[in-house]
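I opened the model and worked through it one item at a time. My entries follow in the order of looking.

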Amino acid sequence: MTAQVADRRLTLDPRAAVRAVARDVATMSRALKAWLVFLLVLCATGAVGAVLALPAGWEVLGTSPSFEWGILITAYVFFAITTSGLCLASSLGTVFGIEMFLPLEKRHAVLALLSLITAFGIIALDLHYPISMVFGAVFSPSPLSPMWWMGVFYGIYLVFLGIEVWSIFSNHWGIHRYACMLSSITAILAPTTLGAVFAVLGARPYWHGAFTPPAMMTMAFLSGTALLGIVFCLVHRYRLAGYERALTLAIPAIRLLMTITLVVAGLVVAWQILWGMYGVIPGLADANRAIFAGPLALWFWVVRVGAGLVIPLLLLLIPRTRTPEGLFATCCLVFLGIFADRAIFVSAGQIVPGTAVGGVVSDPFAEYVPTLVEAAVVLGAFGFFGLAYTLVERYAPMGEHTGHLAGAFLGSTEQPGGTREALSNLVPAPEPVGPPETVLAPETVLAPETVLAPEPVLAPEPVLAPEPVPPATPSLDPVEDAP
Amino acid sequence: MSQTGRAGSPGQAASPAALSRRRVLQLGAAALPALCGARLLADALTGSGVETARAADTTAPADAYDPSAHSWAFAIDTTTCIGCGRCVEACKLENHVPEEPEMNRTWVELHVIDQDGTVRVSSPDGGIHGFPTEETMPADDAANVRDAYFVPRTCMQCENPPCTWVCPVSATFRTEDGIVFVDEGRCIGCGYCIVACPYGARYIVPAGETTPKGVAGVVDKCTFCYHRITRGQLPACAEVCPANARIFGDLRDAASPVSVALNENRVRVMKPALGTRPQVWYIGLEEEVI
């Protein structure tokens, strides 16, 4: 039995697949093997946590009636905004056709899909009855509830992302450009609705207000851009598919986005805090006190402000660190800062007790310490996300879409005729290369020597280099470039 | 010329495993009734369907009961409450509330107001064992205290309850006679209603021998002992109160104790600025603690 995946015919024979995997593992570098083992350990840890977290009512989480949403909600929010941010950041290329953002397209779609799946997995483990949630949302909907709308938008977003990924790997460009547009629109609706889940709660002054949804979207943009920066710096570093345009276009584009978004995010954080300090709303001032000088102060000043905002901005602005390595460090720090930011956000809304609730003295702050099970689930989520993307990067044709190289994208200024016109200039697709039956053979996807072959010296990259764009990178794409 | 990459891939057309659009639509059309059937089957097997749950609900009202003829409310007199904790104990026994101190349908707080207006709130074990003086108000602290009193707490059965409209699956709702319920057959345990409640009146039932409705992982809250009041009895907490601090009744009845208490006293509600319109009024509550 065979299956056709992205112009490759794969044999669905378990024994053949195992042999192919064994062959592939033998060709892997030590670094890649170590990375995969690390991710597998994280996944195994997460699996143990998941098994313990699944049964309804088991008291394995550190949450309590006075602090009901813990680190699993933080992780869910983090992955949910990251998936939206990935789509928003790359929409500059996929929707508006800005050339320098086009190399982000294929990888952003895969990352966004995996991030969303990870977010759904986490929330399923946090809920006591995740299956009932699916049925309940359909059969007993609650249109007044922001959480219901959030589920609707993220559900639709999942469908659009799925179509986007499918169409880009199967060269259904006509469908693809609409999927990009629709998923980008949903990527705005979903995180703002996620913000509204918190914003409508009058009982939680720190969350309550119209400021929360746009702040959530700002952080989404920042998080998605940071993840793209991490991935494209690695693409450049390890000479993965499309690394030339990663250097000349993607990395400068991400640096530009990151600089703008960091400044905006810094202003958002500053005004959020300043506004709270001036206010006399009960609970809000106390929450800000917890952030400034209370139990959240270390996270806020060191991780959120220091590592997540100030140092990244310095790395972006100092000429000596305006290198791919500098951008990589920037993006890693920002990514960490966003996780801390969401953890602070979720905690600050609950840290000021509205009531003593049984057994809890209301002064000064409510307490929450994540359990090992919660930590395992979060680590497992990161492990799953990293492992899934590593496998996609290794086995899927991640070279840039040839349609883009010919200017065939929605809103292209280079090809006024749009996709159809641009595609008509392309030569007909050749027959798929390679043996007729390829059993998960990675060498047909990426030559082993090109995978994880670090380049010793990295020349400083030109910023927004005006030089002509090199021709199509991947030799794996089925369609050659137009002359 | 028409090489769109969509239908032009010969490998796709030839592959026996390739899915056509028609096939995908067929699968989708078949999946929908299958999912519906699975839901019904799951409800039948687990008894988690709404009707099944309501049939098994111990809080189901008496047959002759007319919800539209009642409007239940509490008036709580903080000037008479002695903080004995019997109400908490009675509630736990009556409703099979878990023993964990942070999980309560009702609890008692001690509010201590210092000379400078600072309010200290404590509730050791929800007040079920009372309030030992040496722990809750040390003797050397007495000079600094301007006022102190006990405040029994429970669900406010708000007229405009934020917990109901935030629920994504409509599992929590308000009845005609003013009681907010959780349908354990629908609740998914997301905790959204818990963070939305300004009064901390909800909790998620842990797995164990003592569960209010035999279901773990769902939200539980006070129902004013609906199974009792619809049969003409008092809620368990009001029944056992030795100081008559919990005054319960029907607001539709002008002669009921709660109506009389509300007429004869100056009363306050908790957090009136939120617009939730609680149906629990407090007598003798100071401004600092609301």
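**Asp250(B)**

I began with Asp250(B), which counts as partly exposed because it has 19 C-beta neighbours inside 10 Å. The cut-offs I used: 20 or more other C-beta atoms within 10 Å of a residue's own make it buried, 12 or fewer make it exposed, and anything in between is partly exposed, with C-beta atoms placed from the backbone. Asp250(B) sits in strand β9 of chain B. Helices (H or I, at least four residues) and strands (E, at least two) are DSSP runs, numbered from the N terminus.

Next I looked up its contacts, meaning pairs whose C-beta atoms, placed from the backbone, lie within 7 Å. Setting aside neighbours within four places in sequence, Asp250(B) touches His70(B), Ser71(B), Trp72(B) and Ser256(B). I also checked Val205(B): it is 45 residues from Asp250(B) in sequence and 29 Å away in space, C-alpha to C-alpha.

**Ground rules**

This is a predicted model, so I noted the thresholds: local features need pLDDT of at least 70, side-chain atom pairs count only at pLDDT 80 or more, and totals for chains, interfaces and linings use all residues. Residues are numbered from 1 along each chain as its sequence is written, while chains are lettered from A and ligands numbered from 1 in the order in which they are written.

**Confidence**

The predictor gives the complex an ipTM of 0.79 and a pTM of 0.81. Chain B averages a pLDDT of 81, and 75% of its residues score at least 70. pLDDT is the predictor's confidence in each residue, from 0 to 100. Where does pLDDT stay under 50 in chain B? I found residues 1–18, with 34 contacts beyond four places in sequence. I also found residues 42–58, with 17 such contacts. Where pLDDT is low, the predicted coordinates should not be read in detail.

**Helix α4 of chain B**

Is α4(B) mostly covered or mostly open? I found it mostly covered: the helix spans residues 86–95, and seven of its 10 residues are buried. Those seven are Arg86(B), Cys87(B), Val88(B), Ala90(B), Cys91(B), Lys92(B) and Asn95(B). Their cover includes β2 (106–114), β4 (145–154), α9 (236–240) and β9 (246–250) of chain B. After α4(B) comes His96(B), with a positive phi near 55°.

I then followed the helix to its sheet. α4(B) lies across β2 and β4 of chain B, at about 155° to β2(B). Axes here are lines fitted to C-alpha atoms, for helices over the stretch in contact, and angles run from 0 to 180 degrees between N-to-C directions.

**The sheet**

The sheet is open, has three strands in the order β3-β2-β4 (chain B), and pairs antiparallel. β3 (119–122) and β4 of chain B are the edge strands, each pairing on one side only. The twist averages 20° from one strand to the next. Two strands pair if DSSP finds at least two bridges between them. Nine bridges join β2(B) to β4(B). Val112(B) stands opposite Ala148(B) in β4(B).

**Chain A**

I counted 15 helices and two strands in chain A. Of its 483 residues, 54% count as buried.

I picked one helix pair. α3 (residues 71–94) and α13 (residues 372–395) of chain A pack at an angle of about 15°, with axes 9 Å apart. The contact uses Ile71(A), Leu72(A), Ala75(A) and Phe79(A) of α3(A), and Glu374(A), Val377(A), Val378(A) and Ala381(A) of α13(A).

How values were computed
Contact = placed C-beta atoms within 7 Å.
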